[in-house]
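Please look over the model below before reading my comments.

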Amino acid sequence: MDPPNFRPNFFDRLLVGLFHLVNLFIPWYKLPGIIGALNLDALRVELRQYNLHDGYASATAQGNTDNTPLDDKRYLSARNSDGKDNSLTMPKMGCSGMRFGRNFPRKYCKKPTEQELWTPSPRLVSEAFMSRKPGDFKPATTLNLLAAAWIQFQVHDWVFHESSEETYDVPLLLNDTWHGQMKLYRTKPDEVLDASDIKCPGYRNTSTAWWDGSQIYGSSEAKTSELRDQHEDGKLLLETRGYEETFLPRDTEGNPKTGFSDNWWTGMELLHTLFALEHNAICDKIREGHPDWTGDKIFDKARLVNCALMAKIHTVEWTPAILAHPALEIGMNTNWWGIAGETLNKIVGRISKTSEAISGIPGSTVDHQGVPYSLTEEFVSVYRMHSLIPDNIAFFKVNDGKHKVTIPVADVTFKDAVKPLKSGEVSFGDAFYSFCINYPGAITNNNYANLMRSLPTPDGQVRDMATVDILRDRERGVPRYCQFRRLLRMSVPKTFEELTGGDKELAARLSEVYNGDIETVDALVGSHSEPVIKGFGFSETAFRIFILMASRRLKSDRFIAGQWNTDMYTKEGFDWVQNTGMKDVLARHFPELAAVIPKKTNVFAPWVKLPGSKAYTGIETNTPKA
Ligand code: HEM
């Protein structure tokens, strides 16, 4: 094993040692809640030690205060849209255009040979393990469709690769049903800055890697100013003319004007509109306390608040919904509030100045754990959750619950995403209620919707997203499943049957497609095939990357782990983040939802249906009979 990048303190080392012993007999997820949470903490210490690696051969790429000076003091207390100056010592860290990092040493993430890239055929893997057969939608019945839209919305804040102009001509199968050739743009590698980049190319992230709402605000200052209202109110532009409701503005072609508008569907339309409205509501609140502030200052503070609010919702609401396990519930609450808990934190603030365990990560001081901050190729890989997308969405009225219409997702993508809303067929309130009673697809084998396996995008490509997901991981040097686990210090299956937890039929299919060589099983396919921990919405393999990177997004950010206070956020803004959750955001902008929002259960779990919705028997909102 390579030497660690991060040196844990004595207490952490003790914790790690203790749980190594415990885990010889019992895995973390079988321990009682609080002990399981401590076990996760110990796992994270080791992940920080061994699984953070820069995408550059040297840290000089991150810039320094001499060659990349802070040219505008405004960004001492405001997010810069291109991500610059979040770190005042490494100003380019996390900027748009900087490389993805890695969770494994770069020597294990080599560019594949042609043979490795195409073996076994990605299209065969797509057909065998990813295609959803007609009528075989497998719903994730512990989640609602809003949870699926939410994670895509967040991913659009964090990551997006650049495309090259060169293409792959993806080999098709004998008797393939694909129409014509399957051409795909290659991922564009960054220029070679070091000899190691030849073997392990770097790829640039076109989004900022910070949790800075770039899906809403854009990843450059120029983009942000296009999206802002010219008035001195700090607000984002929204369109109200001609409709009863408020919409995102559109360009002349009908595309939404927002920070990141690729891969658009009604789910994106809903969440982008909701958080643009939230930004504007925060502006009004801050203006009340600061009547003499400029529009820029109001905007800057509202953006900080809106971003922190999304980070909090993701941490304490979305994550415990998709990873419904008592240890996780405790762990994620601890990430935000610390063991001290929400109530004490709200009354007296941080009781420990720097301990993230006692008082949460916000305000605990920034720490990059020895490696410059970035998001990683493996992080992108584990968020390839395209099977969350169902075939259809059933829409209902929020006032009486009556079924209105069921629409194929294919009919509400890209420019058509807004159609049901603008046609007056359903209101935003109806759509949110409907999303919250529809199920997403489960993250498992053979659950990619037909739409996703023949997806026409506005750039003229038609993609089989399952083929794409396999090919991209291989192209970008993401290790295959067994090696992925080995490098995370997890047990590695020796047989296909061990991998599938005893599912003989699946094991036989895997063995056939992967030619009997378990080491070649793709990370995504292995993750979909392993037995899932009770309550979990995805694999434990993917989860290890999660627990590491979820905390890192908070811990590296100067505006969250560092200047987490009323000076930076304003008193009004700080209270807004700490006292608001997703349910409040929904009810604030769509008051008709207030009566149906569940009081006690997680907002991303299926809501209780109104009596009027119960008559609908479609698979979109009903658990299939066993
Ligand atoms: C209808 C909904 C969706 C559409 C149309 C869509 C479409 C796409 C497309 C076209 C790409 C680029 C593929 C390429 O590399 O050539 C992509 C990438 C990706 N999508 Fe989706 N997607 C959808 C939903 C989701 C969801 C629910 C998730 C869950 C997190 C997700 C996560 C990702 C990730 C992680 C990438 C890789 C980004 C990168 O390469 O940097 N997508 N998607």
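The points below go from confidence to the iron, the ligand and the pocket.

1. This is a predicted model, in which local features need pLDDT of at least 70 and side-chain atom pairs count only at pLDDT 80 or more, while totals for chains, interfaces and linings use all residues. Residues are numbered from 1 along each chain as its sequence is written, and side-chain values use heavy atoms, with hydrogens and water left out.

2. The protein chain has an average pLDDT (the predictor's confidence in each residue, from 0 to 100) of 95, and 99% of the residues score at least 70. For the complex, the ipTM is 0.99 and the pTM 0.97.

3. His 386 (NE2), at 2.2 Å, is the single protein donor to the iron atom of the ligand. Donors are N, O and S atoms within 2.8 Å of the metal (3.2 Å for Na, K and Ca); water is not among the atoms, so sites may look incomplete.

4. Among the 22 residues around the ligand, those that come nearest are His 161, His 386, Arg 463, Arg 472 and Arg 476; a residue counts here if one of its heavy atoms lies within 4 Å.

5. The lining of the largest pocket consists of 22 nonpolar, 12 polar and nine charged residues. Nonpolar means Ala, Val, Leu, Ile, Met, Phe, Trp, Tyr, Cys and Pro, charged means Asp, Glu, Lys and Arg, and the others, Gly among them, are polar.

6. Helix 5 contributes the most to that lining, five residues. Helices (H or I, at least four residues) are DSSP runs, numbered from the N terminus.

Conventions
Helices (H or I, at least four residues) and strands (E, at least two) are DSSP runs, numbered from the N terminus.
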